[in-house]
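Please look over the model below before reading the comments.

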Amino acid sequence: ASFLLLCFRSPLATPLIFSLLLQAPPTQPSTITQPNFVLFLADDLGIGDVGCYGNDTIRTPNIDRLAKEGVKLTQHIAAAPLCTPSRAAFLTGRYPLRSGMDAVNDYRVIFWNAGSGGLPPNETTFAKILQQQGYSTGLIGKWHQGVNCESRNDHCHHPLKHGFDYFYGMPFTLISDCQPAETPEMDRGFRRKLWLSTQTIGLITLTAVLGRLTGLISVPWKTLTCLTGFSLLFFVSWFSSYGFVRYWNCIMMRNHGITEQPMVTDRTTSLILRESISFIERNKHKPFLLFLSFLHSHTPLLTTEKFLGRSRHGLYGDNVEEMDWMVGQVLDVIDKEGLKDTTLVYFASDHGGWLERQEGERQLGGWNGIYKGGKAMGGWEGGIRVPGIFRWPGVLPAGAVIDEPTSLMDIYPTVVHLAGGAVPQDRVIDGRDLLPLLQGAVAHSEHEFLFHYCGIHLHAVRWHQKDNGAVWKAHYVTPIFSPPGAGACYDRGFCPCFGEGVTHHEPPLLFELSQDPSEAKPLSADTEPLFDTVIRKIGRAIEEHRRTLTPVPEQLSVSNVVWKPWLQPCCGTFPFCWCDKEGDN
């Protein structure tokens, strides 16, 4: 005690004690907080359909709120202009042709739940890496990346094989065939040809039989029997698939089990919303990833009665407004559970709006604003420029707008790095970590070049010249619009990627998007002094890019796309596939 008293009386004691008091307390080893992720991905939504991107007639207050409270990207680009390849790129951070998920033919998406093609098991999704980092991972809604490979229950392409702990939704995609009252949508032109061929063969068979019975022609009965058998066989061969599209493709699953076959569309929206909210509530005490993959705003535009007739854009506008309401419901749950500051929210669309989707006078597809083209067009901006919004209070600035080229593939490295994981080093990852750009730590996107494919065909390339802000875009192939000047391929329903429906450009069409975002005025060597320099620069980039490509199995080949009865998911004993477990509950 006397020693302590002596110390405190020392002239050095006071400053020593004062300095000790000013020192920061010893810190515990810091813990990296893993944020939650809620990723909203709309289906076929045009960039011009959202309020914060310029639409003043369709009401999207909840999506607009995300932009107000976060960061809005104005050059957010899909890696493909159709669902299957775009979503494959989103999930893997890689151009879809690297995984074989882009088409060499006219079948550019997964066509059947009973096809054998799909996202290959050796691809590593961001969900798989987050799962390894301890996240609970859930996919609610649309998948469209395949189901089985060799048998009905191998589930080699299923979400649960690609890093998701929980799946509820459609393994396929929403199509008009899912509603009996709607005009069939799937392979419509081919089905017309099949019906016509069936009627022609049937008429020939009937004429031959009547001719034989009346003695007008002499045809052996054996020949007539064979002809009749061929007619029936031909009809059964295609009607067994196309005649039951609603049962084969319009199904709902929970994990590996089928809950509805066919789906009951009147309650689909409420079930998807219920499942999304339930997933957040079940996992609120640990890091989670929720990928809410909307069926909105794809035809047949499933819209509940509450929203019918509310918008000024008919059924399509009603559908978009209902999707916005669903976004709001999920955001409300995040707020209620106290997760707002620990959750990164992202909203985007898988590609541009479908301009050609019409029924009579009704426009059932989206609007792409000032941008030329739409869904299925690999080069024009309207097919690939989509909404892109991030919100993370306290980490990302509110109300920021970034006019830099970014990609849906960028979600992959961004989410993986924030979760504390590492992107695979054994393959090319085309996405770039967006966090420095979103936080304002860097001024420019890491993307210098973006390659715009239509199937496996390179249609256009974008070069971001960072030293002066120019965004050059060279088109090597463009679709031929019909009627001419219409801005879409209305006679086909989709613009093609190759063949007689496209034009090859040599030299390529060149645009400077920062000056001409609508791609209305192509430049030439006469009007642009840098024309030859830009084209050479882009040409060298294409050569370098192609050296990074390696051959892979074609997941969308005809043999992988066709319907295979032995792969058909079935709630029952095939072919008697029917159940309604949601209704039973």
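The numbered points below go through these topics in turn.

1. This is a predicted model, in which local features need pLDDT of at least 70 and side-chain atom pairs count only at pLDDT 80 or more, while totals for chains, interfaces and linings use all residues. Residues are numbered from 1 along each chain as its sequence is written, and side-chain values use heavy atoms, with hydrogens and water left out.

2. The average pLDDT (the predictor's confidence in each residue, from 0 to 100) is 92, and 94% of the residues score at least 70. Residues 1–32 fall below 50; beyond near neighbours in sequence, this stretch has three contacts (heavy atoms within 4.5 Å) in the model. Where pLDDT is low, the predicted coordinates should not be read in detail.

3. An open sheet of mixed pairing contains eleven strands, ordered β12-β2-β11-β8-β1-β7-β3-β4-β5-β6-β19. Strands (E, at least two residues) and helices (H or I, at least four) are DSSP runs, numbered from the N terminus; two strands pair if DSSP finds at least two bridges between them. Strands β12 (400–407) and β19 (579–580) are at the edges with a single partner strand each, so one side of each has no neighbour in the sheet.

4. Strands β5 (252–254) and β6 (257–261) pair in the antiparallel sense over three bridges, with Met252 opposite Glu260 in β6.

5. UniProt, in an unreviewed entry, places "transmembrane region" at residues 194–215 and 221–245; such annotations may be inferred rather than shown by experiment, and positions follow the numbering used here, with feature names shortened. In the model, residues 194–215 are 95% helix and 0% strand, with end C-alpha atoms 31 Å apart. For residues 221–245 the values are 92% helix, 0% strand and 36 Å.
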